[in-house]
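Hello,

Here is the structure I promised to pass on. Please open it beside this email and follow along.

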Amino acid sequence: DHIDGMLDEAGFTYYGTGDLTGNTWLLKYQLGEYVQSQGKPFYSVNNFTSLNSVNIQWALASYLMIKEHSCAVYISKTQDYGNDAWQQEYQAQIGTPLNSMYQGQGVYWRDYSNGVSIVNSASKATFTVNLNAAYQYVDLYGNPVGPTVTMPPHSGLVLLIQS
């Protein structure tokens with residue numbers, strides 16, 4: 001009751017020192033959900049030693065699992081505050097959430113009106129998952145994906161329904 005919102009500098013990358021996995025990742029998800037359920041905003045800061053599509057998708061897919069109406073994400077290089085941290089991936093027209101996060105095929109899923117977010121939070125296990133056969137998907141860079149995808153340990157993937 002005594003706070004207006006929460007800024008989580010550790011994000012899903014633990015201050016840029018390594019990705020959260022397993023139960024630690026799940027606890028971060030639960031924290032973000034809880035803060036928002038109290039009508040408070042939750043801000044997730046995710047730092048990486050280097051930015052690439054794999055790292056950005058990890059943070060973005062994890063963020064999309066907790067995103068409700070009061071949530072925001074920041075992705076940048078470690079301690080790169082003050083610089084323009086706009087990522088082209090933020091423009092993805094994934095739509096609105098259709099449900100809460102759920103688990104299936106060894107990974108976490110969240111369906112959106114124009115796509116899906118998938119996270120493998122396991123620290124060592126790789127999963128090959130089947131996508132919804134009713135849709136054709138593209139990744140955030142316009143590349144066709146499916147009908148199966150392989151999710152390496154601590155990976156995220158944001159897919160858009162191809163129109």
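First, a term: strands here are DSSP runs of at least two residues, numbered from the N terminus. The model is a predicted one.

**A cis proline**

By that rule the two-residue run 144-145 is strand E9. Strand E10 covers 148-151. Pro147 sits in the loop between these two strands. The peptide bond joining Gly146 and Pro147 is cis, with omega about 10 degrees.

**The sheet**

Six strands form an open sheet. Their order is E4-E5-E6-E11-E8-E9, and the pairing is antiparallel. Which strands stand at the edges? They are E4 (102-104) and E9. Each has a single partner strand, so one side of each lacks a neighbour in the sheet.

Look next at E6, residues 115-120. E6 pairs with E11 over 6 bridges, in the antiparallel sense. Ile118 stands opposite Leu157 in E11. E6 also runs antiparallel to E5, and 5 bridges join those two strands. Tyr112 has Gly115 of E6 as its bridge partner.

Are the residues of E6 buried or exposed? The strand is mostly covered, with 6 of its 6 residues buried. Gly115, Ser117 and Val119 point one way. Val116, Ile118 and Asn120 point the other way. Both sets are buried.

**The cores**

The largest nonpolar core has 28 residues. Trp25, Leu60, Leu64, Met65, Ile75 and Val158 have the most contacts inside it. Which elements each supply at least two residues of this core? Two helices do: H1 (22-37) and H2 (53-66). So do the strands E2 (42-48), E3 (71-77), E5 (107-112) and E11 (155-161). H2 gives the most, with 9 residues.

Met65 is worth a click. Leaving out residues up to four places away in sequence, Met65 touches Trp25, Tyr29, Glu33, Met101, Tyr108, Trp109, Arg110, Ser117, Ile118 and Val119. Another core lies apart from the largest one. That other core has 12 residues, including Val116, Ile118, Tyr137 and Met151.

**Two positive phi values**

Tyr14 is not a glycine, yet its phi is positive, at about 45 degrees. Tyr14 is in the loop between strand E1 (6-8) and H1. Its relative accessible area is 47%, which makes Tyr14 partly exposed.

His154 also has a positive phi in a residue other than glycine, here near 35 degrees. Where does His154 lie? His154 is in the loop between E10 and E11. With a relative accessible area of 34%, His154 is partly exposed.

**Where to look**

- The Gly146 and Pro147 peptide bond, which is cis.
- Met65, among the residues with the most contacts inside the largest nonpolar core.

Best wishes

Key. Residues are numbered from 1 along each chain as its sequence is written. This is a predicted model: local features need pLDDT of at least 70, side-chain atom pairs count only at pLDDT 80 or more; totals for chains, interfaces and linings use all residues. Side-chain values use heavy atoms; hydrogens and water are left out. A nonpolar core is a set of buried Ala, Val, Leu, Ile, Met, Phe, Trp, Tyr and Cys residues joined through side-chain atoms within 4.5 Å. Buried means under 20% relative accessible area, exposed over 50%, partly exposed in between (1.4 Å probe, protein chains only). Helices (H or I, at least four residues) and strands (E, at least two) are DSSP runs, numbered from the N terminus. Contact means heavy atoms within 4.5 Å. Two strands pair if DSSP finds at least two bridges between them.
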